[in-house]
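Subject: Handover of a structure and the findings from it

Dear colleague,

Please find the structure below, followed by an account of what was found in it.

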Amino acid sequence: MTVNHVDTLAKYIILLETSDHEALSLEQEILIGVTRFFRDPHAFEVLRNQVFPRLFADRNPEDPVRIWIACCSTGEEVYSVAILIREYMETHGLSTGVQVFATDIDPEAITLARAGIYTTDIEADLSENRLQKYFSRVEGGWQITKNLREMVIFAHHSLIKDPPFSRLDLMVCRNFLIYLNQEMQKRLMNLFHMVLKPRGILFLGASETIGNIPNMFTPLDKKWKIFERLDGPRPDDMAFPFTAPFKGFPRQGLFSRQRPAETPTPGVVVEKRLAEKYAPPCVVVNAQYEIVHVSGGPSRLLQVPSGEPTRDLLKMAREELRPALRAAVYKAFHEQKPIGFRGVALEAGDDKLVVNVMAEPFNVSASSEKLVMVVLETERAQVSLVAQQGVDDAPDIDDASKDMLVRQMEEQLRVTNEQLLAVTEQLETSQEGFMSANEELMSINEEYQSANEELHSTNEELETSKEELQALNEELVTVNAELHEKVEALDRANSNLQNLLTSSEIATLFLSPDLNIRLFSPAMADIFNLIQADIGRPFRHLNGTIDWTGLPEDARLALSTWAPVEREVATLDGERYFLMRTLPYRTSEGKVDGIVVTLFDISERRRAEDQNKSTALFPQENPFPVLRMNREGTLLFANRAASDLLNHWQCAVETTVPDFLRQELIKSFSEGKNREIELPCGSELFSFVLVPIIERGYANFYGYNITQRKEAEKALTESEHKFATLFNEASLPTVLARYEDFSFVDANDAWGKLFGFHREEMIGKTTVELGILRDEDQRARIIHEIKEKGQLRNLEQVLYTKAGTPLTVLSSVNVIEIGGKAYALTSVQNITDRKRAEEALRDSEIRYRDLVQNASSAIMRWRLLQRVCRDPLRMAGGRNPWHPCRNSGAGSGFDRRGPVLSG
């Protein structure tokens, strides 16, 4: 206001509304562009060591890391982050895509940041290695290398009113929130929470904070204000004017909802087709010769130049057209009437073209900027050769052609003259403008000089105020440092308390004097399923888990006596037991302001006590005698089961045991080991184990009734003796084998005599290993049949003796049980001689039959003591000379079976 000599705010607002430059000047004065490379280096180290590993961990190569750096100013902080990312990716060999968006409301700052050119002052903030690797030397300073500049996309953007980026992994907004009020800061925090991905990172300045928003962000580094996004609900107060246009760049992957295209009418389609096919090329430009619209196909007349893209009509037009275009557009804007320049000759390859440049001003609306429509009409040149050689040099040209050529050249001369006059007028107008501007500048300079004097005096006053503010600022910095230390100490104390409550695993509950919940430990929360919302509730609401109905009385007693009160409580299901201790809560001033309730889990102790009680009752519950005696033989303890034994010995507790038992006791203590003895008690027999406990000076005496066991052992011994007697004295060769593998356990003498083996050389071997049975498959089949049927009867097989003599035997196998184990009892019957006799008889019968069948004369068999005759010729019908003669001493006569031998 002082510079513009405006004394009231209302006048300055009018100045802002009427002046085209004042708003930009005010914007530049308000904007603060204080930044540098790697400002707060420790914060960037935290970014490298803690944040980047989270961003790149398990990252899909097709899913780029998205980073938005808002309020980037001239870009130093943006390139600092980009340099750190490049270094991290090179160190870890990563190829993940990275998208860095940098925005600022100042377009001039964005232009500087996009160019990436900085003065030599940055050498103080960057290492030599980084300067050589990421910068190139230019005139007057350093420029960011192209590959690093291409990594960042800059855009003009208002953080408050323009739509934000989304799906971000990292949001950087440093030293901007401190210039906003709390309401706007809260709205921006909601915005940051919305645009970040789950577990996204927010990086703020060292003097900024997220405010009172506990469920949106959690700190990763409190000192350097780095936070992680929590998966909380979206806030309801998101009231940003996102409808404002975004003067940025298009972002891939984001789609806007478009209205469905309306179907054009046939008339519109015909008009569009006619305009495209028959209308001459046309462009619309503003006063700065910038193209705002193109119609038709002026591709041969307008060309996009190499280098940075431009919309300047004069830069895009061909060189022959530029004078005519400049003059036509200028006169159309200043005279506000249609202007035309005809007959501009162009060369288009082998063709010669004539272009008519037509410029006509028009306005879209009263409030919009002024525009000019430029129409480029083209036609083919008719006398190109004549135009090149001149009229006099052209042979074979008639007078009409010469006249036409003269008229064309005159027209070109007129056009050139008009263009020259237009340029001259433009220069004169510009000169007049410069003169008037110079006069204004001189008057303004005088005003600035007077204002400078006023500012100089004001500056002195400001210097004085600055010194005072500097002193005040130093005091505030000191106070802030002290408060920061106290906050850190309080935070450490809070962390220590929290770790103590967590690591001790002691259930602790802090109650107010009226028994409302103030605080609780994690162990207490596990017992009662407490959450943060339970703070402030009365403790009586915590029911249904532990029976602690006596807590109000204990609290009253603790508050009145200032002494702790203890009692044991149990859960309602009786599964857990706790020692509840109620203590008064004392403040730092020594006052009592509530109570502290602690629960110690004593379930294991209670179970151990019950176990000890059960163990103590074990001797009394033992059904066998249990005694305890000291070295001198005095009976110290006897259970109920030992009453009959004590009656038999005629002694009792606190008396001396019999002499034979004392002798055993002395031997046991002298040897230092257990002794076993058997003692009768009436008709029963007991086995006792004497266990000396030397260090305690007594011995325990454990008894066990072995009457039945002895009887069973005796019966077993007799049975085994009988079995051994029968087994060894049996006439049949018999062998006993294990049921598992049928290896020999024992064999009687008859078996050894039959096969020629000694008993010792057969034990542990099988029939195949001894060579008795030579077919392993046959042995396997026999074993399978035995295990399937449980026995084997009269199996005829060939076995071999030790000398290799084959024997034909009938084998029988029975499965028996001896001592709880299964065995196979095998007996064999040697039928070798019988088999030989049968074979001999069979051979004899075969020979006899052959003899009878083949005999040519009568054959007779006589049965002694009988007179029998056989007539072999009766069948032939002849007379039998051997007809039996009957007498008084004869038997029953001939038998067709032949004579019977008796005696």
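Leaving aside neighbours within four places in sequence, Arg-66 is in contact (heavy atoms within 4.5 Å) with Gln-99, Phe-101, Ser-166, Arg-167, Leu-168, Asp-169 and Leu-170. Arg-66 belongs to strand E1, residues 65-69. Helices (H or I, at least four residues) and strands (E, at least two) are DSSP runs, numbered from the N terminus. The side chain of Arg-66 reaches the backbone oxygen of Ser-166 at 3.2 Å. Arg-66 is buried yet has no salt bridge, and the nearest side chain of opposite charge, that of Asp-169, is 6.2 Å away. Here buried means under 20% relative accessible area, exposed over 50%, and partly exposed in between (1.4 Å probe, protein chains only). A salt bridge is a side-chain nitrogen of Lys or Arg within 4 Å of a carboxyl oxygen of Asp or Glu. For charge, Lys and Arg count as positive and Asp and Glu as negative, while His and the chain ends are not counted.

Please note that this is a predicted model, in which local features need pLDDT of at least 70 and side-chain atom pairs count only at pLDDT 80 or more, whereas totals for chains, interfaces and linings use all residues. Residues are numbered from 1 along each chain as its sequence is written, and side-chain values use heavy atoms, with hydrogens and water left out.

The chain as a whole

The secondary structure of the chain comes to 24 helices and 30 strands. Of its 903 residues, 34% count as buried. Among contacts with a separation of 6 or more, 53% are between residues 24 or more positions apart.

A buried lysine

Lys-331 is placed in helix H11, residues 322-335. Lys-331 is buried without a salt bridge, and the nearest side chain of opposite charge, Glu-335, is 4.0 Å away. Not counting residues up to four places away in sequence, Lys-331 touches Gln-336, Ile-339, Phe-341 and Ala-422. Glu-335 itself meets Lys-337 in a salt bridge, at 3.5 Å from N to O. Glu-335 is partly exposed, with a relative accessible area of 31%, and Lys-337 is partly exposed at 43%.

Strand E16 (residues 507-511) is largely enclosed by the rest of the structure, because 5 of its 5 residues are buried. In a regular strand the side chains alternate between the two faces of the sheet. In E16, Ala-507, Leu-509 and Leu-511 point one way, and Thr-508 and Phe-510 the other way.

Two strands pair if DSSP finds at least two bridges between them. E16 pairs with strand E20 (residues 592-601) in the antiparallel sense over 5 bridges, and Phe-510 has Val-596 as its bridge partner in E20. With strand E17 (residues 517-520), E16 pairs in the antiparallel sense over 3 bridges; there the bridge partner of Leu-509 is Phe-520. E16 and E17 form a hairpin with 5 residues between them, and Leu-515 in the turn has a positive phi of about 65°.

Salt bridges

How many salt bridges does the rule give? The count comes to 41. One of them joins the side chains of Lys-133 and Glu-90, at 2.5 Å from N to O. Lys-133 lies in helix H6 (residues 128-134) and Glu-90 in helix H4 (residues 76-92), so the pair ties together parts that are 43 residues apart in sequence. Lys-133 is partly exposed at 41% relative accessibility, as is Glu-90 at 46%.

Asp-491 forms a salt bridge with Lys-222, with the closest N and O atoms 2.8 Å apart. This pair links distant parts of the chain, 269 residues apart: Asp-491 is in helix H13 (residues 399-504), and Lys-222 is in the loop between strand E9 (217-221) and strand E10 (226-229). Asp-491 counts as partly exposed, at 29% relative accessibility. Finally, Glu-45, Arg-48, Glu-87 and Arg-130 are linked in a network of salt bridges.

With kind regards

Terms used:
A polar contact is a pair of N or O atoms within 3.5 Å; within protein, one must be able to donate a hydrogen and the other to accept it, and residues adjacent in sequence count only if both atoms are side-chain atoms.
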